[in-house]
Amino acid sequence: EEIKIFAPATVANLSCGFDVLGCCLQNVGDEMLLKKNDLNQLRITKITGADLPMEIHKNVAGVAVLALLDRLGSKQGFDIEIDKKIRSGSGIGSSAASSAGAVYAVNKLLDDPFTNNELIEFAMQGELLASGNAHADNVAPALLGGFSLVRSYDPLEILGLPAPSEIRMVVLHPMIEIKTRDSRSIIKQNVTLASAIAQWGNLGAFVSALYTNDYKLMGRSLHDAIVEPVRSILIPYFDELKKLALDNGALGFGISGSGPSVFAMCQGDSAAEEVKAGYLNFLQDKEVGFELHVSEI
Ligand code: HSE
């Protein structure tokens with residue numbers, strides 16, 4: 001018995017929802033092949049496209065599946081093959097794709113003992129290993145699709161949100177690596193009341209806009225006065241890219257997860273193409289290499 005799956009990339013935070021909001025990129029992701037084995041042993045048998053640990057306890061997919069099997073008290077063995085297409089340290093949920101993909105596939109091979117929502121907490125164990133923090137804002141949308149919101153971490157409560165069909169995400173990845181662990185360590189632990197007010201106003205409005213397909217409101221809500229000013233310093237040409245995206249008609253712009261990728265949220269294919277063309281033109285004489293993705297949610 002085996003299953004081949006697509007494990008999507010994700011954009012976490014989306015400016016207004018640090019650690020609680022994320023969305024799934026339908027067109028960007030890894031491929032994984034999982035098989036049952038008769039050895040009572042969980043094994044990573046092959047990884048292509050990235051240099052990652054094959055040892056179960058050091059691999060995010062390994063620890064996520066172990067958490068699931070532990071809960072079931074199951075000794076079933078599995079062989080996991082991962083074809084990484086999402087670069088690690090890119091800010092579009094590379095570790096989350098592996099963790100979420102692995103638990104999703106194992107759950108299917110075991111005839112669905114858990115719902116996709118219940119799988120999130122197992123996948124979070126992979127995030128804990130990768131970054132030292134069990135955030136859910138990448139693994140939740142990877143498992144649920146569309147947008148998702150973490151209402152609470154303790155107890156864990158995660159909501160799936162609608163994905164307006166015209167949204168296109170233009171994701172630009174400058175070819176530098178930023179470890180989530182490092183970019184979390186530079187964030188201040190306290191916020192002012194004024195920035196908290198701005199942030200929860202924007203987050204509430206963004207969620208409302210997803211239900212009413214109000215694209216302009218989505219754009220107005222994509223702001224971050226707390227984390228972006230600190231993290232954007234690590235991202236080459238951040239201010240120029242932001243201005244360029246917004247001048248070219250993007251609804252909003254921000255850091256994808258912990259960076260260095262940045263996202264421009266656009267309405268429709270032609271708006272996304274315009275933002276992409278603007279980037280390519282700007283970047284042609286720059287020294288940093290870039291990778292660009294345009295994706296539906
Ligand atoms: N919310 C997490 C962070 C996402 O920004 O650190 C990491 O991809």
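Where is aspartate 111 found? I found aspartate 111 in the loop between α2 and α3. Helices here are DSSP runs of H or I with at least four residues, strands are runs of E with at least two, and both are numbered from the N terminus.

**Ground rules**

I am working on a predicted model, where local features need pLDDT of at least 70, side-chain atom pairs count only at pLDDT 80 or more, and totals for chains, interfaces and linings use all residues. Residues are numbered from 1 along each chain as its sequence is written, and side-chain values use heavy atoms, with hydrogens and water left out.

I checked phi and omega. Most residues other than glycine have a negative phi, and most peptide bonds are trans.

Aspartate 111 has a positive phi of about 65 degrees, although it is not a glycine. Aspartate 111 is exposed, at 64% relative accessible area. For burial I used a 1.4 Å probe on protein chains only: buried is under 20% relative accessible area, exposed is over 50%, and partly exposed is in between.

Serine 15 also has a positive phi, of about 60 degrees, and is not a glycine. I placed serine 15 in the loop between β1 (2–12) and β2. Serine 15 counts as buried, at 3% relative accessibility.

Next came the cis peptide bonds. One joins aspartate 154 and proline 155, with omega about 5 degrees. Proline 155 lies in the loop between β5 (147–153) and β6 (156–161). Another cis bond joins glycine 259 and proline 260, with omega about 5 degrees. Proline 260 sits in the loop between β8 and β9.

Strands β8 (residues 252–255) and β9 (residues 262–267) run antiparallel and are joined by 4 bridges. I took two strands as paired if DSSP finds at least two bridges between them. Glycine 254 stands opposite phenylalanine 263 in β9. The hairpin has 6 residues between the strands, and glycine 257 takes a positive phi near 55 degrees.

**Strand β4**

Which strands pair with β4? β2 (residues 21–37) runs antiparallel to β4, with 7 bridges. β3 (residues 42–48) runs parallel to β4, with 6 bridges. Phenylalanine 78 in β4 is the bridge partner of lysine 36. Phenylalanine 78 is also the bridge partner of leucine 42.

Why is β4 largely enclosed by the rest of the structure? Because 5 of the 7 residues of β4 (residues 77–83) are buried.

I also looked at handedness. β3, helix α1 (residues 60–72) and β4 make a left-handed β-α-β unit. The convention is that a crossover is right-handed if, with the strands pointing away from the viewer, the path from the first strand over the helix to the second runs clockwise.

**Cysteines**

I searched the whole structure for disulfides and got 0. The criterion is a pair of cysteine sulfur atoms within 2.5 Å. The sulfur of cysteine 24 is 7.6 Å from the closest cysteine sulfur, in cysteine 23, too far for a bond. Cysteine 24 is buried, with a relative accessible area of 6%. Cysteine 266 is in no disulfide either, and the nearest cysteine sulfur, that of cysteine 23, is 12 Å away. Cysteine 266 is buried too, at 0%.

**Pockets and cavities**

Terms before numbers. On a 1 Å grid over the protein atoms alone, a cavity is a set of points where a 1.4 Å probe fits but cannot get out; a pocket is an open set with protein on both sides within 12 Å along at least five of seven lines; lining residues have an atom within 4 Å of a point. Grid points are joined across faces, edges and corners, and a volume is the space filled by probe spheres set on the points.

The largest pocket holds about 690 Å³. Its lining has 37 residues, and Ser88, Gly89, Ser95, Ala130 and Thr180 lie nearest its centre. α3 gives the most to that lining, with 4 residues.

The second largest pocket has about 320 Å³. It is lined by 17 residues, with Phe18, Ile187, Val191, Ile226 and Val227 nearest its centre. Helix α6 (residues 193–212) gives the most there, with 4 residues.

I counted 2 cavities of 30 Å³ or more. The largest cavity has about 70 Å³. Among the residues that line the largest cavity are Ser15, Phe18, Val227 and Gly257.
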